[in-house]
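Student: I have a new structure open and would like to learn how to read it. Could you walk me through it, one feature at a time?

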Amino acid sequence: MKSTEVAERLKSMPDGSSIALKIGETNFADNYVAALTGVLKEFMPERRYTCIYVTTTTPSHLCKNLFEMFEVDVSNIYFVDAISHIMMNVSTQMERTTYIESPTMLENILLKIEFLLKKLANENKLLILDSINTLAIHNGNRILAEFLHILVNNLKSKGVFTIILGVEEKNSDEISNMLSLVCDDTIIVK
């Protein structure tokens with residue numbers, strides 16, 4: 001699937017939608033780039049969204065560098081970074097970035113997201129959670145299901161467009177069931 005196809009699928013969905021964006025493991029790098037450029041470079045500017053990007057896999061400064069390499073405007077992206085601390089990689093703190101000590105601290109992630117939602121009250125918002133697979137490594141299924149239920153329903157009630165990234169082949173049956181319960185639709189990028 002190309003980035004334009006990802007963007008077109010997203011554009012057909014109303015504000016407040018929640019989408020599971022599953023990236024195929026074969027040709028992962030190409031699929032990942034297509035998914036991210038489709039969302040951040042084609043979909044997000046058209047909707048004039050401000051993005052809250054929750055990263056649990058890659059430190060935020062590396063995400064920012066990657067986005068800039070693909071000519072994504074990062075001036076309206078706020079990061080909630082839950083991975084840099086455990087990778088001992090917070091010596092240089094970026095602006096528009098909130099750091100959390102670990103992906104196990106789901107309540108802190110919720111609080112930081114809520115803080116940013118209030119701070120950006122007058123903006124149209126998009127939240128990207130990267131990734132459900134990493135959260136599943138650091139948290140048990142029951143607590144992760146509760147986190148997703150609270151997060152997605154809270155965002156939906158506030159009209160925030162939500163995208164949950166994951167690797168399709170790495171999703172267990174439990175994770176797939178969680179996503180099908182909280183997400184309105186699934187896009188598979190292969």
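This is a predicted model: local features need pLDDT of at least 70, side-chain atom pairs count only at pLDDT 80 or more; totals for chains, interfaces and linings use all residues.

Student: Which residues in helix 6 meet which residues in helix 7?

Tutor: To read a helix contact, list the residues on each side. On the helix 6 side you find Asn141, Leu144, Ala145, Leu148, His149 and Val152. They meet Glu174, Met178, Leu179 and Val182 in helix 7. Sorted by class, this contact has seven nonpolar, two polar and one charged residues.

Student: How do the axes of helix 6 and helix 7 cross, and at roughly what angle?

Tutor: For a pair of helices, look at the distance between the axes and then at the angle. Here the axes come within 10 Å and cross at roughly 20 degrees. Angles under 35 degrees count as roughly parallel, so helix 6 is roughly parallel to helix 7. The crossing of these two helices is right-handed.

Student: Which residues of helix 4 meet helix 6?

Tutor: From helix 4 (residues 106-119), the contact takes in Leu106, Ile109, Leu110, Ile113, Glu114 and Leu117. Their partners in helix 6 are Ile143, Leu144, Phe147, Ile150, Leu151, Asn154 and Leu155. The classes here are 11 nonpolar, one polar and one charged. As for geometry, helix 4 and helix 6 pack at an angle of about 10 degrees, and their axes are 11 Å apart. That angle makes helix 4 roughly parallel to helix 6.

Student: At about what angle do helix 1 and helix 2 pack?

Tutor: Helix 1 (residues 3-11) and helix 2 (residues 28-47) pack at about 45 degrees, with 8 Å between their axes. This arrangement makes helix 1 oblique to helix 2. Helix 1 passes helix 2 in a right-handed crossing. The residues of helix 1 in this contact are Ser3, Thr4, Val6, Ala7, Leu10 and Lys11. In helix 2 they meet Ala34, Ala35, Thr37, Gly38, Val39, Glu42, Phe43, Glu46 and Arg47. By class, the contact of helix 1 with helix 2 has seven nonpolar, four polar and four charged residues.

Student: Can we zoom in on single residues? Is Ser3 buried or exposed?

Tutor: For one residue, ask where it sits, how accessible it is and what it touches. Ser3 has its place in helix 1. Its relative accessibility is 17%, so Ser3 counts as buried, the cut-off for buried being under 20%. Leaving aside neighbours within four places in sequence, Ser3 is in contact with Ala34, Thr37, Gly38 and Glu42.

Student: What does Met44 touch?

Tutor: Met44 is in helix 2, and at 2% relative accessibility Met44 counts as buried. Not counting residues up to four places away in sequence, Met44 touches Val39, Tyr49, Cys51, Asp73, Asn76, Ile77 and Leu126.

Student: Where is Thr97 found?

Tutor: Thr97 is found in strand 4 (residues 97-99). Thr97 counts as buried at 14% relative accessibility. Beyond residues up to four places away in sequence, Thr97 touches Ser60, Phe79 and Asp81.

Student: How many aromatic pairs does a search of the whole structure find?

Tutor: The search finds seven. To read a pair, check the distance between ring centres and the angle between ring planes. Tyr53 and Phe67 have ring centres 5.3 Å apart and planes at 70 degrees, so this pair is edge-to-face. Tyr53 lies in strand 2 (residues 49-55) and Phe67 in helix 3 (residues 60-69), so the pair ties together parts 14 residues apart in sequence. Tyr53 is buried, with a relative accessible area of 0%, and Phe67 counts as buried at 2% relative accessibility.

Tutor: Tyr53 also forms an edge-to-face pair with Phe79, 5.8 Å centre to centre and with 65 degrees between the planes. This pair links distant parts of the chain, from Tyr53 in strand 2 to Phe79 in strand 3 (residues 77-81), 26 residues apart. Phe79 is buried, as is Tyr53.

Student: Which residues form one aromatic cluster?

Tutor: Phe43, Tyr49 and Phe161 do.

Key
Residues are numbered from 1 along each chain as its sequence is written. Side-chain values use heavy atoms; hydrogens and water are left out. Rings of Phe, Tyr and Trp (its six-membered ring) pair if their centres lie within 6.5 Å; planes under 30 degrees apart count as stacked, over 60 as edge-to-face and the rest as tilted. Helices (H or I, at least four residues) and strands (E, at least two) are DSSP runs, numbered from the N terminus. Buried means under 20% relative accessible area, exposed over 50%, partly exposed in between (1.4 Å probe, protein chains only). Axes are lines fitted to C-alpha atoms, for helices over the stretch in contact, and angles run from 0 to 180 degrees between N-to-C directions. Angles under 35 degrees count as roughly parallel, over 145 as roughly antiparallel, 65 to 115 as roughly perpendicular and the rest as oblique. Contact means heavy atoms within 4.5 Å. Ala, Val, Leu, Ile, Met, Phe, Trp, Tyr, Cys and Pro count as nonpolar, Asp, Glu, Lys and Arg as charged, and the others, Gly among them, as polar. A crossing is left-handed if the near helix is turned anticlockwise from the far one by less than a right angle, and right-handed if clockwise.
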